[in-house]
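Colleague: I have the structure open and would like to go through it. Can we take it one piece at a time?

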Amino acid sequence: MNNKNLREEVLRISGVNPKKCMRCGKCSATCPAYDEMEYHPHQFVYMVESGDISSLLDSESLYRCLSCFACIDRCPRNVEPAKLVEAIRLSKIRKQGANHMTANDVPALLDEDMPQQAIVSAFRKYSK
Amino acid sequence: MQMKEHKPLIVAFCCNWCSYAGADLAGNNRLNYPAEVKVIRVPCSCRVNPMFVLRAFQRGADGVIICGCHPGDCHYVSGNYYTRRRMAMLFSMLDYLGIEKERTRIEWVSAAEGAKFAATMNDFVETVAKLGENKRLEDLRCK
Amino acid sequence: MKVSYFPGCTLKNKAKVLDLYARKSAEVLGVTLEEIDNWQCCGGVFTTARDEVATKLSSVRALMAARDSGQPLVTVCSACHNVIKQTNNAMISDAEFADKANRYLSCDSPYAGDAKVYHYLEMLRDLVGFDALKEKVVNPLNGKKIAAYYGCLLLRPGSVMKMDDPENPTIMEDMLRALGGDAVICGKRNECCGGYIAMESPTLAKKSSNSVVENAIAAGAEMIITACPLCRYNLIKNGSPIPVVYFTEILAEALGIKEDIHE
Amino acid sequence: MQRIGVFVCWCGSNIAGTVDVKAVAEALKNEPGVVFSTNYQYMCSQAGQDMIKAAIAGHKLGGIVVCSCSPRMHEATFRKTASQAGINPYMVEIANIREQCSWVHKDMATGTEKAIILGKAAVAKVNLNTPLTPGESPVTKRALVIGGGIAGIQTALDIADAGFPVDIVETKPTIGGKMAQLDKTFPTLDCAACILTPKMVEVAQHENIRIFSYSEVSEIKGFVGNFDVTIKRKARYVKEDICTGCGACVEKCPMKKIPNEFNLGMDNRSAVYIPFAQAVPKVATIDPNACNMLKNGRCGICAKVCTAGAIDYTQKDEYIEEKYGAIVAATGFNPISMDKFDEFAYSQSKDVITSLEFERLTNAAGPTAGKLLRPSDGKHPHTIVFVQCVGSRCSACTEKGKEYCSKICCMYTAKHAMLTRDKYPDTEVYVFYIDVRTPGKNFDEFYRRAVEEYGVNYIKGMVGKVTPEGSKLKVQASDLIANKQLHIDADLVVLAAAIEPDKSARPLATMLTASMDTNDFFTEAHPKLRPVESPTAGVFLSGTCQGPKDIPETVSQAGAAASKVIGLLAKDKLTGNPCIAKSDEWMCNGCSSCGKVCAYGAITYEEKEFRLPDRTTKIRRVASVNPAVCQGCGACTVTCPSGAMDLNGFTTTQIMAEVDAICK
């Protein structure tokens with residue numbers, strides 16, 4: 001899919017209008033996963049707006065978002081960057097064989113105290 | 001036999017402060033539009049009683065257009081908002097009565113928009129001309 | 001008073017105490033938690049994608065069950081609460097999604113978001129009342145300095161959760177005060193612990209969790225309470241020097257029923 | 001039926017080039033009522049006008065139609081002509097056959113045809129014209145200024161200097177407003193008090209100005225030139241005319257722990273207080289919520305120490321009524337509440353403050369005597385973070401903050417940052433900004449000086465979270481240009497809170513029937529051309545009640561509002577526009593529909609006694625239009641369900657006649 005169609009798809013899935021962004025950077029200022037990301041929340045918004053989705057699709061940043069909704073709550077313009085991250089991640093992992101995490105990966109990542117919630121959540125975020 | 005070309009009759013209500021001045025500006029700039037358009041000056045588009053529109057159709061008008069200041073720019077603060085709401089109701093009723101939606105129009109023309117006034121009138125006359133003569137509501141006793 | 005109860009996967013396994021104390025405390029407070037039949041896992045996180053339908057159906061089923069029983073739906077786990085409340089909101093605000101979800105479930109009466117969803121804390125505040133709770137306290141916490149840790153899922157997105165001010169919440173502090181504790185307010189109480197990233201990037205989870213704990217200790221806390229099993233796991237796993245317990249544990253303790261329960 | 005004369009103008013070749021003017025004059029001769037019809041090269045010329053006058057006299061004309069250029073051009077001219085010839089000026093109608101006919105149609109046949117129709121419409125209308133006389137109303141030569149900040153002060157001084165009496169109503173015990181709280185002013189850095197207090201004194205001493213401090217407007221009736229206003233003078237429990245402002249009572253008052261509003265609660269005042277040293281009037285006020293004597297009768301120390309005998313615990317609220325010709329709203333602004341922005345920890349830490357609080361902290365008369373000290377521990381802060389746009393430029397759907405730019409924050413933040421670096425060079429200062437907006441004389445230069453000369457760190461980005469930890473404030477922010485997340489351990493965080501109109505503005509607007517926008521700023525009569533007038537006649541706007549403004553803008557607007565007031569008060573009588581609404585009392589059923597759509601509050605309702613045909617009387621509620629307030633838009637005429645409301649000069653029958661004439 002070319003970037004333009006991808007952009008349309010991401011906007012449709014997320015329901016986000018990146019044009020509302022006034023480029024204040026509060027999303028990135030509030031993001032707890034910032035340092036782990038190659039592209040930061042404000043860049044997601046800007047890159048989706050300018051149609052550069054492919055770079056985002058190939059970035060590990062997709063799996064670093066914690067879905068903590070801080071950027072959604074604190075954005076002064078109601079842009080909701082986390083919804084864009086989610087939409088792009090889904091565009092990626094919905095493709096066959098593109099799962100970021102498989103059942104085989106899990107045992108190595110577990111310890112005995114880890115709550116089920118973590119595994120369920122990670123699966124929901126990382127695989128289809 | 002060739003049909004005689006129908007010349008539509010258009011009544012345009014223009015508010016004194018924006019649209020009537022816009023029509024004057026179209027004249028100043030010599031921007032042509034069909035002579036079928038006859039302007040009636042009102043202080044504000046909100047002075048246009050739906051009865052006036054009905055009366056025009058009753059007397060054989062083929063189209064009625066109401067022009068006012070842009071939303072938010074009304075000389076009388078909020079008059080054009082009343083117009084917009086009243087005419088939305090009236091136009092849908094007229095549509096129900098069989099007067100095509102295209103025969104009625106509401107347009108915002110500022111005093112600086114002479115070109116918009118001319119373009120709007122050209123377009124409106126062309127649209128109404130395509131629909132042909134308006135027979136609905138026409139009261140033949142008035143003829 | 002009877003309410004429908006959605007415990008969730010973790011409360012049946014790693015977080016049994018959260019569940020157990022929630023039920024026992026509710027009993028003391030005159031509330032019966034009626035577990036929904038055949039509930040299914042909520043999925044842990046709500047997906048904000050508008051075209052994701054299947055992943056939200058288990059929540060819709062739980063909501064339907066609550067509606068049919070005519071009772072509010074109560075959850076204890078932050079994650080379940082978040083997913084179910086957001087799903088309920090989507091059923092109200094997103095007609096396209098609601099239509100699809102109802103078609104999938106093809107039941108007699110479509111679900112239109114009518115069930116009322118409460119977090120257990122909201123139940124304490126709005127249905128029981130903190131004043132009534134205070135009267136039931138037998139072992140007051142004697143001014144113990146406790147920091148309430150909300151994490152992210154309990155309060156956000158604020159416009160959907162509508163539980164408390166997402167930046168300046170008071171609900172857990174008010175509960176602590178009702179129980180006779182000294183609520184210590186720490187600024188990081190509504191920052192993320194790292195959540196499920198613990199699997200993918202333990203370093204990030206460690207960083208997030210440690211900053212929360214450090215902040216609580218700097219504020220003078222001797223203990224941290226939380227409503228989320230994953231928060232508790234992350235804080236403890238990453239070496240919190242002060243105890244991190246579920247809010248239901250401290251509740252049961254104050255209500256004087258902790259000793260009755262043997263794990 | 002009128003005796004109508006028709007005058008067709010050639011306008012040289014402007015009309016005659018595409019319209020057969022003779023044919024038009026000929027065609028209109030046969031219209032009902034027309035007894036005379038002619039054409040001439042230039043009707044607006046002296047000769048043309050003389051021709052009209054002669055025809056009016058010669059043919060005993062009652063009304064005239066001039067087929068010429070746009071009425072916007074020469075309607076006034078021909079009305080004057082008619083008036084000089086002895087007929088009512090409103091018996092003139094213009095058929096616009098130039099701008100809307102000859103200039104836009106190329107073909108002589110169609111041009112002529114249309115000109116005839118336009119002429120017929122004008123004849124049809126003038127047949128229904130009636131003589132109209134503009135109403136007159138007297139003007140009370142006194143102005144009321146509501147709000148005693150710099151806007152109200154300047155407006156009052158300018159009006160008073162022109163020789164008209166002015167009253168200022170101020171809710172606080174002193175005039176001065178927000179400017180009195182400021183330290184220095186951008187971009188010149190002169191001290192606010194040094195330039196404001198002389199003006200306050202001038203107000204106090206001006207023979208034409210009365211100050212009603214600690215007072216509120218409680219009722220407004222009437223209309224332009226004739227407002228009846230009730231002012232509530234709240235009991236201050238001190239006789240204003242006797243108190244010398246010596247301060248003995250303040251010193252001896254045992255209740256000393258009352259949060260001081262003037263210093264935004266950063267220090268305390270006593271129950272009897274004078275807000276600040278240069279207060280005008282310099283009179284003490286007793287806070288009834290704090291005073292023991294007033295609460296439970298146990299104290300009375302202030303009365304004992306007052307040598308002037310000014311204390312009066314029995315004082316009651318007093319209502320005074322006064323007439324005014326013009327009212328100026330100058331209600332000002334307040335910073336918004338920071339309640340919904342607690343990611344910046346305003347409620348959690350004393351060291352997170354608003355910019356207005358920062359002003360007090362750096363003000364020599366402030367709680368720290370001008371030393372920049374942290375409110376929590378009184379220590380000197382070494383790292384200060386300024387956050388801009390807190391609550392400004394927020395999307396409406398976030399339901400917190402304001403959509404507009406508050407306009408003044410960029411500049412005062414630059415000022416704060418610069419002054420901090422100037423006084424305390426060891427302090428590290430960061431300013432987080434989205435955009436730096438500096439349109440104003442010497443504004444950008446000022447901001448650049450803060451950066452280049454004073455070494456303020458301007459960072460493009462926003463603060464996401466402030467976490468108090470120990471004695472530090474952990475600031476997490478983004479640096480968008482470096483593409484980094486920053487973590488700064490700050491000692492003080494200053495929030496540039498958005499400003500909003502004072503809460504008293506909305507009830508005042510209701511009393512004035514003045515319109516407001518969705519943000520509760522007063523709406524101006526025209527956004528470009530009448531920026532200091534409210535759409536409601538006789539009501540004027542001064543300062544930030546109309547929109548965010550800095551001091552020079554406020555002062556210029558205050559002066560402009562004053563000049564409008566002076567222009568109004570200089571008239572002995574107001575001549576109205578006679579083309580206004582009128583209600584047929586026999587048809588009116590008092591339903592109030594017209595009053596609801598009137599943007600000017602021109603319509604009131606009264607119970608009126610009617611004599612019925614059977615000689616009984618009946619009291620009915622009917623609408624009545626105030627001719628001094630009505631602007632003649634006609635909104636009420638259309639909304640009236642019983643058809644009782646009509647508009648002079650544009651009556652329903654007149655417009656119907658025009659429609660008929662066009663469609664014939």
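Modeller: First a definition: helices (H or I, at least four residues) and strands (E, at least two) are DSSP runs, numbered from the N terminus. This is a predicted model, in which local features need pLDDT of at least 70, side-chain atom pairs count only at pLDDT 80 or more, and totals for chains, interfaces and linings use all residues. Residues are numbered from 1 along each chain as its sequence is written, while chains are lettered from A and ligands numbered from 1 in the order in which they are written.

Colleague: What pattern does chain B follow along the sequence?

Modeller: Chain B reads β-α-β-α-β-α-β-α, with 4 helices and 4 strands.

Colleague: And how does its radius of gyration fit a compact globule?

Modeller: It agrees: a compact globule of 143 residues would be near 15 Å, and chain B has 15 Å. The radius is taken over C-alpha atoms, and the globule rule is 2.2 Å times the number of residues to the power 0.38. The C-alpha trace of chain B spans about 50 × 35 × 20 Å along its principal axes.

Colleague: How much of chain B is buried?

Modeller: Buried residues are 59% of the 143 in chain B. A residue is buried if 20 or more other C-beta atoms lie within 10 Å of its own, exposed if 12 or fewer, and partly exposed in between, with C-beta atoms placed from the backbone.

Colleague: Switching to chain C. In what order do the strands of the sheet come?

Modeller: The order is β2-β1-β3-β4 in chain C, an open sheet of 4 strands with parallel pairing. Two strands pair if DSSP finds at least two bridges between them. β2 and β4 of chain C stand at the edges with a single partner strand each, so one side of each has no neighbour in the sheet.

Colleague: How many bridges join β3(C) to β4(C)?

Modeller: There are 3 bridges between β3(C) and β4(C). In one of the pairs, L73(C) has V117(C) in β4(C) as its bridge partner.

Colleague: At what angle do α2(C) and α4(C) pack?

Modeller: The angle between α2(C) and α4(C) is about 80°, and their axes are 11 Å apart. That makes α2(C) roughly perpendicular to α4(C). Axes are lines fitted to C-alpha atoms, for helices over the stretch in contact, and angles run from 0 to 180 degrees between N-to-C directions. Angles under 35 degrees count as roughly parallel, over 145 as roughly antiparallel, 65 to 115 as roughly perpendicular and the rest as oblique.

Colleague: Which residues meet there?

Modeller: L57(C), V60(C) and R61(C) from α2(C) meet A101(C), Y104(C) and L105(C) from α4(C). Contact means that C-beta atoms, placed from the backbone, lie within 7 Å. The residues of this contact are 5 nonpolar, no polar and 1 charged. Ala, Val, Leu, Ile, Met, Phe, Trp, Tyr, Cys and Pro count as nonpolar, Asp, Glu, Lys and Arg as charged, and the others, Gly among them, as polar.

Colleague: Why does V45(C) count as buried?

Modeller: Because V45(C) has 24 C-beta neighbours inside 10 Å. V45(C) lies in the loop between β2 and α2 of chain C. Beyond four places in sequence, its contacts include S67(A), S121(A) and A79(C).

Colleague: How many residues does each chain give where chain A touches chain C?

Modeller: Chain A gives 32 residues and chain C gives 37. On the side of chain A, α8(A) has the largest share, with 8 residues. That side divides into 18 nonpolar, 6 polar and 8 charged residues.

Key: Contact = placed C-beta atoms within 7 Å.
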